[in-house]
Amino acid sequence: MRLRPSSLLPAFLAGALALSSALTTLPSATAAPAPAAPTPSAASPSTSCFDLSVTGTVEEQRLDRGVAGGPSVPAEILARSGFDRQVRLFSHLLCAMPNRAAATALVRVQGQLLWRTATYRAQHPQTAPALPSTDDRGLYWARISMALALRQWQPHFALGTTDRAELIRSFEYSSRGITSSRFSPGVRKILLTGFDPFTLDADIRIGNPSGANALTLDGQRWTVNGKTYEIQTVMLPVRYTDFDENMVENALAPHYRGGPQHADLVMTASQGRVGIFDLEAFNGRRRSVSSIGDNNNLWGGGTINAPVVSPSMPAGPEWITSSLPLARMSGATVPTQFRTRVNTSVLEIPAGETLPVRRPDGPTAGSIASEGTGGGYLSNEVAYRNTLQRDLLDPSMPAGHLHVPVLQFDLANKTAITDPTYETNRDQIVAGAHSVLRAALS
């Protein structure tokens, strides 16, 4: 297999930066000062057109959080990944916007630039003290910082609540790769997803190796058995509201609808269990996790005894099966501290009963899905939504879900944002995820 970085990035960067520069010189644009030096707060705007009394979301309020009363962890991650400069540039440019049309263009381009910067960085070596290339956390905290800037921004023109929400939505989609997941002609096409970090209240320092994996693969071409595959990736939020607003379908369905963007394989991925690459066989329709909220500390509404269906979920069966070549993928060679398995264990409420029962070999007829093999959280839900789109639009598509192992710090490290164990663990998880995906193409 041969890997090569995307050749389109330098041109994209140049074009995006040129447009950002041009927007600041449009007629009636207000002059803004040069970007300021880094501040203690990861999200502090560097210009004066912001109302800092506007409260961010729960997710955005973590930007100033440190460990044991220390300085902001997000600020250190941003500075050591270089994304702090992009956050300050975005704030600087927002204050120069003369009208809503210019702001709409800026937000879209800066979101795409953030995504392309992150994927380019992930595929090129970094020099210490910069965080390693595969570190996914800089993108996450940059996006959160820039979303907060949009929320607090006070432009020189009228901007209604709906208009602001649409700008934030546009930024979310463009900075997650959703608007740029277009394949080149003449190649076989793979679409892969990852997730943002989560459980940040337990440890503000954590990353998500499924996100790191996605960043390393976006735009890559692999040659396997004489066939050329191009990979496009998307990063999904750990937020119920975005799922309820059909972000997953908006990101994936275009690649199921035929035509030049029709994918040949769609695999969703998330962080799962310690030490295991789990290939999830059965995806359940319902949410049932009550012990953990999403990144805005919202509860999905279900429990294992009373699982619920997302209000936006399209009609479909209780259970859907993966169509990935699971047996072949489970034989992939991964680093020795990990193992791979095809996971068939579900938690169901059997037909005519009220209490959940664990079934090691999959669901029984007529049962209600309490937990799919991937659980009852958003990992299972993205797998279900993906494979439901497959069933509705292209039943022959190989589609399914991979849980990668949990990313862990050195046990002795309670405060530092990284350590050799953490970095090695992440790189080996990414290498193993590459191997599992490659096995699907063999």
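**Entry 1. Cavities**

I began with the lining of the largest cavity and sorted it by class: 5 residues are nonpolar, 3 are polar and none is charged. The model I am reading is a predicted one. The residues in that lining are F195, F198, V238, S270, Q271, Y377, L378 and S379. Two elements, β4 and α11 (378-393), each give two or more residues to this lining. I noted a volume of about 60 Å³ for the largest cavity. My search of the whole structure turned up 2 cavities of 30 Å³ or more.

I then looked at the second largest cavity, with a volume of about 30 Å³. I listed D136, L139, Y140, R143, F195, D196, P197, G211 and M235 as its lining. The element that gives the most to this lining is α5, with 3 residues. By class I count 5 nonpolar, 1 polar and 3 charged residues around the second largest cavity. F195 is listed for the largest cavity and also for the second largest cavity.

**Entry 2. The largest pocket**

I asked how much space lies in the largest pocket. The value is about 580 Å³. It is lined by 30 residues, and F198, T199, Q271, G272 and V406 are the closest to its centre. I sorted the lining of the largest pocket into 10 nonpolar, 14 polar and 6 charged residues.

**Entry 3. Overall make-up**

I recorded 12 helices and 12 strands in the protein. Of its 442 residues, 58% count as buried. Among contacts in the protein with a separation of 6 or more, 77% are between residues 24 or more positions apart.

**Entry 4. The seven-stranded sheet**

I traced an open sheet of 7 strands in the order β2-β3-β1-β4-β12-β5-β8, with mixed pairing. Its edge strands are β2 and β8 (339-343), and each of them pairs on one side only. From one strand to the next the twist averages 25°. At the β8 end, I found 5 bridges between β5 (residues 276-280) and β8, which run parallel. I looked up D278 and found that its bridge partner in β8 is R341.

Helix α7 (residues 209-217) lies across β1 (188-195), β2, β3, β4 (265-271) and β12 (399-404). I noted an angle of about 145° between α7 and β1.

**Entry 5. The three-stranded sheet**

I found another open sheet, made of 3 strands in the order β10-β9-β11, with antiparallel pairing. β10 (357-359) and β11 (368-371) are the edge strands; each has a single partner strand, so one side of each is left without a neighbour in the sheet. Neighbouring strands here are turned by 45° against each other on average, direction ignored. Between β9 (residues 346-349) and β11 I recorded 3 bridges, and the two run antiparallel. I349 is opposite I368 in β11.

I also looked at G366, in the loop between β10 and β11. G366 counts as exposed because its relative accessibility is 62%. I took the C-alpha to C-alpha distance from G366 to E318 and got 8.3 Å, for two residues 48 apart in sequence.

**Entry 6. R426**

Is R426 buried or exposed? R426 counts as buried because its relative accessibility is 0%, and the cut-off is under 20%. R426 lies in helix α12 (residues 420-441). Leaving aside neighbours within four places in sequence, I found R426 in contact with P132, T134, D135, A212 and L407.

**Entry 7. Backbone exceptions**

The peptide bond from A128 to P129 is cis, with omega near 10°. P129 is in the loop between α4 (100-122) and α5 (137-152).

N225 is not a glycine, yet its phi is positive, near 50°. I placed N225 in the loop between β2 (221-224) and β3 (227-236). N225 is exposed, at a relative accessible area of 63%.

N246 also is not a glycine and has a positive phi, about 65°. I placed N246 in the loop between α8 (240-244) and α9 (247-252). N246 is partly exposed, with a relative accessible area of 23%.

Definitions and conventions:
Residues numbered from 1 in each chain as written. Predicted model: local features only at pLDDT ≥ 70, side-chain atom pairs only at ≥ 80, totals over all residues. Heavy atoms only, no water. Helix = DSSP H or I, 4+ residues; strand = E, 2+ residues; numbered from the N terminus. Buried < 20%, exposed > 50% of the residue type's maximum accessible area, 1.4 Å probe, protein only. Contact = heavy atoms within 4.5 Å. Pairing = 2+ DSSP bridges. Axes fitted to C-alpha atoms, helices over the stretch in contact; angles between N-to-C directions. 1 Å grid on protein atoms, 1.4 Å probe; cavity = no way out; pocket = protein on both sides within 12 Å on 5 of 7 lines; lining within 4 Å. Points joined across faces, edges and corners; volume = space filled by probe spheres on them. Nonpolar A, V, L, I, M, F, W, Y, C, P; charged D, E, K, R; others polar.
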